[in-house]
Amino acid sequence: MSVTTSDRLPKGRPLSLKLGRDDLLMRGFILMIALYLIITLALPLYAMLSKAFSTFRFDLSQIELQVSDQEGNFDGTILSAATLNDETGAIGADSMAASSDSRLELTPLFPDFSFRSPVRYKIRGTTADTAYLIGSERITGTEWKEMDSNTFRRVVLRPAQSFGFSNFTTYFSTPSLFRSIENSLFISIVSTIVTVSLAFAFAYALSRSCMRFKGVFRLIAMAPILVPSLLPGIALVYLFGNQGMLKGMMMGESIYGPYGILIGSVFFTFPHALIIITTALAISDARLYEAAIALRASRWKTFWTVTIPGARYGLISAAFVVFNLVITDFGLPKVIGGQYNMLAVDIYKQVIGQQNFEMGAVVSVVLLMPAFIAFAVDRQVQKKQVALLSARSVVFEPKPHKSFDRLCFLYCTLVAVFIIGILGVCQFAALIKFWPYDLSLSLKNYNFDVMDGGGWEAYGNSIKLAILTAIFGTIVVFTGAYMVDKTRGFKSGRNIFQLLAMLPMAIPGMVLGLAYIFFFNDPDNPLNFLYGTMAILVIVTITHFYTVSHLTAVTALKQMDGEFESVAASLKQPFYKLFARVTVPVCMPAILDIGIYLFVNAMTTVSAVVFLYSTDTALASIAVLNMDDAGDIAPAAAMGMMIFYTNAAARILHLAASKGILKRTQAWRLR
Amino acid sequence: MRTKTALENEADESRPQDAYLRIDHLWKAFGEFIALKDISLSISEGEFVCFLGPSGCGKTTLLRAIAGLDLQSRGSVEQAGKDISNLPPAERDFGIVFQSYALFPNLTIEKNVAFGLENSGMARPAIKARVAELLDLVGLPEQGKKYPAQLSGGQQQRIALARAIAMSPGLLLLDEPLSALDAKVRVHLRHEVKALQRKLGITTIMVTHDQEEALSMADRIVVMNHGVIEQIGTPTDIYREPTTLFVADFIGEMNKLEATSEGPGQVTIGNREFKSANHDFATGAAVIAAVRPEDIIPHGSVAEEPIAEPDNAFSCQIKEMEFLGSFWRTRLQGAALGDTELIADFSINAVRRLDLSADRDIVIEIPSRRLKVFAAVDDKE
Amino acid sequence: MIQFKKLALTAIAGLFVANSVMAAELTVYTAVEAEDLKRYAEEFNKSHPDIKINWVRDSTGIITAKLLAEKNNPQADVIWGLAATSLLLMKSEGMLEPYAPKGVENLDKKFVDKSNPPTWTGMDAWVAAVCFNTIEGEKLGLKAPTSWKDLTKPEYKGHVIMPNPASSGTGFLDVSSWLQMFGEEGGWEYMDGLHENIARYTHSGSAPCKLAASGEIPIGISFAFRGAKSKADGAPIEIIVPEEGVGWDMEATAIVAGTANLDAAKTLVDWTITKEANVMYNTGYAVVAYPGVAKPVKFFPENLTEKMIDNDFEFAANNRNAILAEWQKRYDSKSEPKS
């Protein structure tokens, strides 16, 4: 019945908000942190991508030659090397594509060339900056240079830089590199299936049985998160290597290769999968089980019709997280992979071994693909899972069932023995004087200072890095999450920020580290001074682990009343007062969680920092890698266990601190 | 039938120069969706106004635009003679209370109330005194040291109110403040809020979807639907003289009867002609005739008292009776109305006096002034 | 009194001079082991207290990568202690300043760049060798190999480990020496045979010897210095110098072209080839550039110097890319265990 003048918005400019001091401040903060992410993430990635397309080719058209007769007299005919090659076809087109340190000899252009012949040669470049080498002597310019045939033999061309896809062509036509894709996918898929199955069974036992020692089992299952991913590799060497304690169990197969990577991957990804699946099982609705019992469905049938569908998002999410962890992991395949090439190790080999940055960038791009897909799928699934979480359901309370509980207990014990076994072997190996010849106990392997790798200083550096990362990371992440969640208007800015904040999870650490070299080590970059400092390690670690921290912060912030800011504004109070007096105290548990997450990861991370540490900033996790690399396996195990104890101590401290702070600041939670 | 502009004019004229808050041709669009269409409204100082309407009608959007929390797309807002159209909330002068209370959970009641007073130039003892005064005002003088979670919902909402008025704002905005409370507390708090508002004389806007709340608390009610104002008026106006079918239907119970206009003051319902309230529909136009159940007067089978308007009386049968505590709700059917059923509410007295019961035939009278005529629009309302 | 004044003046002047000279700071890139660096700087500063050295140290691969990455804006003034093959790469990029240090004629010719003036000068050599675990050898009934060719014998199948030339400098010097000793064709043929016996290729050059020392794999192709260290640590190994000759690479020194501190850099490089510097190198390396300085290092094989091949660094540097490509094609892709 309402009759209105029009249903269309009248023409005219939309009102624009007069920005208050708070708005400006908050937008400023968003821009600052977005800028931080652009500098530490977007720009390095761009630098890496452009490196992948930076190619090297030999350019024969830049070289001109003259050939004398048998007496050494020149008739003045100038030959272009390119024309010569077209005639003779001596150098194929695929030999023209090169990497920066490729060299091309010119003698094939002359089929009748002999270094003993008296024929003399003249050579020059066509442009002032054409360069060629006689031996390792670098000659530039357009001056004719005359030489005998024995010297001409030593003339080689350097490739010229250009842009194109040829790096990718080379990559996909190099079987040893290409094979890595297959290997990486194979290992990742198999470990995903194994880990998710094992973790599901474990989580099922924890949440659906009435077995004893659940808390102990949960604690043990979380232990692998506290060690670098390469530590299980070291343990496996001691267990199943050629001098291994349980070598017989390998039945002649080598642990160096897919078996080692698989077992190690299961070890280090287990807790990650367990956390996700436990959450998924915890939200299952008990009413469904009651209904199943009322319908007299068998336990087996209930499992397949209620449990599995209820946990499906958790399972999918866990699968993709594990897949991503395995395919991007570098430490483990490096230690135990033997000749079994994996993508992440290829990046390292290309960059550190061969200084072939371009190919390293290409492998990085290849590695980005599966990681990106896994990440995208996981995000979608997580969203759905959240929808399930918010539904009101009744918590399931398991009822005792003797044989089932015993079975669960047995299974969990097996898993726990595996985990403790791996850690125990490392500790044991660290204390043995000279495995396997001198089994007396000694602390000599802790004398890190005489090993290559950085010594005790590296351990100190790691702790410094972990503390700095935890402090600055938490501040940056939480502030960023707050601003993006609470700023009014400014939609485009906030959207860009959200995207940037989600990106790091899809970027493998190796790729990030490599991108940092390209970006920060560029002499023209004003931020070049950061290169080789502790600061860049802190930055890369914060960026690498940004997403999970950000999500933790956002979740905590979303649980707060959305009207606090409106109330504070109506009370004429600046947002920072609200932030300091209310937001931070209320979110303190989440803030501490972010802190410990960053700390533990900074202690264990290898992939992101391996390209970036310097002599003064060697890290414990890198020391483990390097000592193992140099064959000092026992000290590597010792250092690995130091990381474990440090993280365990940090965890305990975190627990105590959380309790203490909760008691003080969250008195309001107690009724 | 009035056009929108007439409505505005009336609204504007009814509160001429002394408007404290003036909203002028305000629009709000969320992408393609128009949430508020050309809203104009004036509110005088000290007035208690309710925005009433179903969910999604735009009432909260309008409130948030007034507060500056969600900027309108077009139009202006003027408060105390000052154009505040695009000021951020912190530069406007209002206090606000939300349905969720939005009390800071980690601060004590005292600190919650004092939050706005700190660094406003007030000395510490003065703040303390003001907080005590406010807590007294909302009837919770002893609770200052407690945390919000230790109070009941009603108590928390009172604290939120105390916090909102702590800085003596010129305008108090209440966004469904009582909706989260249980029925008894809600009714009790209605009176308290109203009394407090009177005592302080603070201009207040309350958003609600509860008509009872609006009718009992407001000086004026703004009924909104689909982003437009349907009617502005005092609670009795709105109830007794709805100007649109939507208002008639939304507030209180209403019999809606298909009818045909028979010229001024005349309609045909079913096969019978009735006198109705004034209307200006052309003869033969399809209309809706509406009467509230409690306006229908029962006369029993034997006429014991004179029928005021015999033309509007007819006999029908009681099909069903339902006891609703303070009155009886009956469903009536009469030959005069054809198949259409009529709902009428009779007082307990009347039922006893006339000895009414199901299946009995009675004579009922529809007072012509209470028989409203609206256009028969086939829209969603 | 006058005497005293003079003295004081000189002292003050000296202070000033020292101060102004002390301002010379050199950024020196190196791959020398960290524990040696402090000693190197101390020794140098004994005679040249006016030049301060700022070390940037990392493994050979990383330092090389870093230098190449900084090609257009070099951060280093001097490279002191990096593989000659890496320096040759820099040289062909025009990154090194040609300079004949004072007394360069005293050095063994092998250790000086052939260009005139030379762009780099050698310090010491690290030489390939084979580490053989006697205990494990006995257990497995293996005789100690005496030549490279021995290693291709079927009885050693799965008992030999060597560094991957693509990621290890030591691995590459082995491969390049085989190609030089056995000729291109013979070299690849030899590696085809060796590949059959290789248990796996490691990333680092020292790992094979350490793995041999711990008995993980009885025979490790590594370098002599590492073997001597392991043996000194009590490992049951023998260090074998194959009779055909052994490949080697040297640690060398060069000035980075475009350095702002050319004079100080020259002073440092002059010192790095002195006798006392070579004596200093000798504590870790048995073979040094200055003839007659070397004293035997404990457990270091005695006949090693004679067995060092006449290494053609130019060949190694210019063909490095092609050799590695061929190597990877032959062994990297098909060397995985069947799975």
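How many helices and strands does chain A have? Chain A has 25 helices and 13 strands, as found in a predicted model. The legends below take up chain A, its side towards chain C, and an annotated stretch of chain B.

**View 1. Chain A in outline.** The C-alpha trace of chain A spans about 105 × 85 × 50 Å along its principal axes. Chain A is made up of 671 residues, and 50% of them count as buried. When contacts in chain A between residues at least 6 apart in sequence are considered, 79% join residues at least 24 apart.

**View 2. The domains of chain A.** The domain assignment divides chain A into domain 1, domain 2 and domain 3. Domain 1 takes in two stretches, 21-37 and 448-666. Domain 2 covers 58-161, and domain 3 covers 174-442. Taken over C-alpha atoms, the centres of domain 2 of chain A and domain 3 of chain A are separated by 57 Å.

**View 3. The side of chain A that touches chain C.** Here 46 residues of chain A are in contact with 53 residues of chain C. At least two residues of this side come from each of β8 (137-140), α5 (175-208) and α13 (343-353) of chain A. The element that gives the most is α13(A), with four residues. By residue type, the side of chain A that touches chain C holds 16 nonpolar, 19 polar and eleven charged residues.

**View 4. Helix α13(A) against helix α3(C).** Helix α3 of chain C is formed by residues 60-69, and its axis comes within 8 Å of the axis of α13(A). The two axes cross at roughly 70 degrees. Because angles of 65 to 115 degrees count as roughly perpendicular, α13(A) is roughly perpendicular to α3(C). On the α13(A) side, the contact is made by Val351(A), Ile352(A) and Gly353(A). Gly61(C), Ile62(C) and Ala65(C) make the contact on the α3(C) side. The residues of this contact between α13(A) and α3(C) are four nonpolar and two polar, with no charged residue.

**View 5. An annotated stretch of chain B.** The UniProt annotation "domain: ABC transporter", from an unreviewed entry, covers residues 21-251 of chain B.

Conventions
Residues are numbered from 1 along each chain as its sequence is written. Chains are lettered from A and ligands numbered from 1 in the order in which they are written. This is a predicted model: local features need pLDDT of at least 70, side-chain atom pairs count only at pLDDT 80 or more; totals for chains, interfaces and linings use all residues. Two residues are in contact if their C-beta atoms, placed from the backbone, lie within 7 Å. Ala, Val, Leu, Ile, Met, Phe, Trp, Tyr, Cys and Pro count as nonpolar, Asp, Glu, Lys and Arg as charged, and the others, Gly among them, as polar. Axes are lines fitted to C-alpha atoms, for helices over the stretch in contact, and angles run from 0 to 180 degrees between N-to-C directions. Angles under 35 degrees count as roughly parallel, over 145 as roughly antiparallel, 65 to 115 as roughly perpendicular and the rest as oblique. Domain bounds come from an automatic or database domain assignment. UniProt positions are given in the numbering used here, feature names are shortened, and annotations may be inferred rather than shown by experiment. A residue is buried if 20 or more other C-beta atoms lie within 10 Å of its own, exposed if 12 or fewer, and partly exposed in between; C-beta atoms are placed from the backbone.
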